Amino acid sequence: MDLDNWTKTIAERRWAILPDTLNELRDACARHSDLINFTDLANLCLSDPFLLLDLFRVVGNSRALQRNESVPAVEQTLLLMGLEAVVARFNRIEALEVAEGKLDADVYEAVGDWMARGRVAALIVKEWLSIMGDLKVEDCFVSALLYNLPACIYMIQRNRLPDKPLLQEMSEAFNADYGQILQAFVKHMPLPGGFNALLGPGVPNKRRQLLKLAIATANSLELGIERSTWLVGVDTAAKMINCMPEMAYNAVVHAALKVAKHPHVAGYTFPARALLLLPSSGKKPEMKKAEALSGEDQLEGAIRESIRFLANDLKFERVLYYHYEHDLHALKLRYQVGVGADSPLRKLQVDMEPGSFFGVFASKPQSFHAPADVRQQLSRRYDDEFFQHIGDGEFALMTLFGGHKLSGVFYVDNARSGRSIDDATYHRFKDLVSRLAQH
């Protein structure tokens with residue numbers, strides 16, 4: 001299939017928008033001219049990528065926009081068009097229809113899902129840029145919204161679900177990577193050239209990198225947060241914007257939930273479902289483990305699931321969970337993986353006397369990563385029996401608090417092989433325990 005011919009063909013027709021969007025659009029345009037609010041119309045465009053596409057095609061041939069490679073603001077574009085032209089154009093737009101011979105219901109849901117991913121990506125990059133202190137976010141926001149549209153149109157045209165991952169199937173069909181497909185799409189629709197500046201090849205900068213990380217994160221939510229490749233992108237974004245990984249990750253959760261709470265189509269709820277509930281390889285996903293921990297039994301179940309995750313997925317060779325015994329003011333081993341049957345750690349009661357290592361460490365919510373040299377310093381500084389039994393290698397710890405109450409302490413290491421704990425693995429360990437505490 002020839003890419004240029006395909007993009008020219010799809011550019012010859014006007015594409016329908018979601019039915020719920022069309023209903024709101026007609027209500028807005030039916031008002032008296034004095035009551036039509038451009039801000040409301042702009043928000044509608046930002047809620048449905050197909051309506052946004054319809055708007056930007058009007059100004060896509062603008063020589064000024066092509067010359068300076070900028071992306072116009074949505075509300076500004078509406079104002080430049082003028083009220084009469086906006087109402088006339090939007091009154092002629094149609095809705096996507098699920099009907100025999102038109103669009104299959106499964107394809108319609110899939111299109112909604114891919115549009116939702118674009119919405120989630122837009123909200124993620126908006127939040128990441130805001131954390132970084134960059135107040136210019138709309139160009140990245142609308143770029144994220146439009147990124148998946150060629151794939152959506154591809155599905156609508158063929159009216160069937162892809163046999164392979166959608167973007168991979170498109171790349172194979174056109175013998176081009178998805179970036180090249182986007183470039184042809186922007187050129188022939190036409191759309192303002194600024195989209196190529198953000199989404200196409202070019203000199204990398206922090207804004208472009210954050211945009212692409214946000215899109216990759218949103219488009220791969222179904223992989224689940226148990227996949228290291230998924231979380232590496234979030235960790236990378238956190239380093240770029242100089243924030244804790246938990247904050248960058250929370251932006252993903254909030255974006256998925258915000259889209260799900262204001263669905264223009266059922267598919268808008270799919271990213272949140274994928275993030276929170278989707279089973280992976282027959283195991284409950286990490287977020288599921290932290291779900292609804294309102295009772296003691298539920299918390300214990302979540303802790304056991306977390307122990308399995310730390311051992312099986314993060315590949316820690318030794319995982320211990322010490323439960324805080326309030327009456328004894330001490331920590332006792334409750335769950336473990338990789339501790340020998342004759343190890344003193346099984347029966348060791350870790351006292352929390354003032355001045356002891358755990359007396360200090362478990363006094364508040366915190367984590368601690370101790371490379372081998374730091375571990376040796378701790379052993380010399382604190383005369384805790386615990387250090388006599390764990391060996392000389394690297395380890396990590398994190399407290400688990402429920403509100404202001406200490407529940408216990410997680411301990412992980414690679415005592416058998418001596419393998420180091422890299423930053424990405426340590427951050428995933430912290431993230432897991434943090435989300436247990438949040439629930």
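**Exercise 1. Is E169 buried or exposed, and at what relative accessibility?**

Solution. At 9% relative accessibility, E169 counts as buried. The cut-offs are these: buried is under 20% relative accessible area, exposed is over 50%, and partly exposed lies in between, with a 1.4 Å probe and protein chains only. This is a predicted model, in which local features need pLDDT of at least 70, side-chain atom pairs count only at pLDDT 80 or more, and totals for chains, interfaces and linings use all residues. Residues are numbered from 1 along each chain as its sequence is written, and side-chain values use heavy atoms, with hydrogens and water left out.

**Exercise 2. How many salt bridges does the rule give, and which residues form a network?**

Solution. 
- Step 1: The count comes to 13 salt bridges.
- Step 2: One of the pairs is R89 with D54, at 3.0 Å from N to O. R89 lies in helix 7 (residues 83-90) and D54 in helix 4 (residues 49-59), so this pair ties together parts 35 residues apart in sequence. Both R89 and D54 are buried.
- Step 3: Another pair is E317 with R416, with 3.7 Å between the closest N and O atoms. E317 is in the loop between helix 19 (296-312) and strand 1 (318-325), while R416 is in the loop between strand 6 (405-413) and helix 23 (423-438), 99 residues apart.
- Step 4: E317 is buried, at a relative accessible area of 15%, whereas R416 is exposed, at 72%.
- Step 5: D134, K136, D139 and R207 are linked in a network of salt bridges.

**Exercise 3. Which residues touch the most other members of the largest nonpolar core?**

Solution. 
- Step 1: A nonpolar core is a set of buried Ala, Val, Leu, Ile, Met, Phe, Trp, Tyr and Cys residues joined through side-chain atoms within 4.5 Å.
- Step 2: The largest core has 110 residues, and F50, V74 and W128 touch the most other members.
- Step 3: Helix 8 (residues 105-132) gives the largest share of this core, 15 residues.
- Step 4: Another core lies apart from it, with 26 residues, among them Y322, L331, F357 and F401.

**Exercise 4. Which domains does the assignment give, and where does pLDDT stay under 50?**

Solution. 
- Step 1: The assignment, automatic or from a database, gives domain 1 (1-278) and domain 2 (294-435).
- Step 2: The centres of the two domains, taken over C-alpha atoms, are 43 Å apart.
- Step 3: pLDDT is the predictor's confidence in each residue, from 0 to 100. The protein chain has a mean pLDDT of 85, and 90% of its residues reach 70 or more.
- Step 4: pLDDT stays under 50 over residues 278-294. Where pLDDT is low, the predicted coordinates should not be read in detail.

How values were computed. Contact means heavy atoms within 4.5 Å. A salt bridge is a side-chain nitrogen of Lys or Arg within 4 Å of a carboxyl oxygen of Asp or Glu. Helices (H or I, at least four residues) and strands (E, at least two) are DSSP runs, numbered from the N terminus.
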